[in-house]
Amino acid sequence: EHPGKWNHEQGPDFLFARVRIDDILFIGGVEIHIDSGDWYLHQHDKSKHYRNVILHVVYHHNTNYPLPDIPT
């Protein structure tokens, strides 16, 4: 519904995005990567700045690691 605000600081690429999945509206951060495994390569799983991510957008879904409970 809305891409949010481009984040120039530490944390997800976009903040305050509005994403509707089925009938549920999510509001929060969106992180974008080429490869889904970059989530772990960049250590987002260990950073408090990525706790409010609502969508992980990737070009290649190339990891065998379980991704966080975030739509990809």
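Biologist: How many aromatic pairs does a search of the whole structure find?
Modeller: This is a predicted model, where local features need pLDDT of at least 70, side-chain atom pairs count only at pLDDT 80 or more, and totals for chains, interfaces and linings use all residues. Residues are numbered from 1 along each chain as its sequence is written, and side-chain values use heavy atoms, with hydrogens and water left out. Rings of Phe, Tyr and Trp (its six-membered ring) pair if their centres lie within 6.5 Å. On that criterion, the number of aromatic pairs found in the whole structure is 1.

Biologist: What is the geometry of the rings of Trp 39 and Tyr 50?
Modeller: Planes under 30 degrees apart count as stacked, over 60 as edge-to-face and the rest as tilted. The ring centres of Trp 39 and Tyr 50 are 6.0 Å apart and the planes stand at 75 degrees, so the pair is edge-to-face.

Biologist: How many residues apart are Trp 39 and Tyr 50, given that the pair links distant parts of the chain?
Modeller: Helices (H or I, at least four residues) and strands (E, at least two) are DSSP runs, numbered from the N terminus. Trp 39 belongs to helix H1 (residues 38-41), while Tyr 50 is in the loop between H1 and S4. Their separation in the chain is 11 residues.

Biologist: Is Trp 39 buried or exposed?
Modeller: Buried means under 20% relative accessible area and exposed over 50%, with partly exposed in between (1.4 Å probe, protein chains only). Trp 39 has a relative accessible area of 2%, and Tyr 50 has 11% and is also buried. At its 2%, Trp 39 is therefore buried.

Biologist: Which residue in S4 is the bridge partner of Asp 35?
Modeller: Among the residues facing S4, Ile 32 stands opposite Val 57. For Asp 35, the bridge partner in S4 is His 60.

Biologist: Which residue takes a positive phi in the hairpin of S2 and S3?
Modeller: Ala 17 has Gly 28 in S3 as its bridge partner. The hairpin of S2 and S3 has 2 residues between the strands. The residue with a positive phi, near 55 degrees, is Asp 22.

Biologist: With which side chain does the side chain of His 33 make a polar contact?
Modeller: His 33 lies in strand S3 (residues 24-35) and is buried, at 6% relative accessible area. A polar contact is a pair of N or O atoms within 3.5 Å; within protein, one must be able to donate a hydrogen and the other to accept it, and residues adjacent in sequence count only if both atoms are side-chain atoms. At 3.1 Å, the partner side chain is that of His 42.

Biologist: Which backbone oxygen does the side chain of Asn 7 reach?
Modeller: Asn 7 is in the loop between strand S1 (5-6) and strand S2 (14-21), and its 12% relative accessibility counts as buried. Leaving aside neighbours within four places in sequence, Asn 7 is in contact (heavy atoms within 4.5 Å) with Pro 12, Asp 13, Phe 14 and Leu 15. At 3.4 Å, its side chain reaches the backbone oxygen of Gln 10.

Conventions. Pairing = 2+ DSSP bridges.
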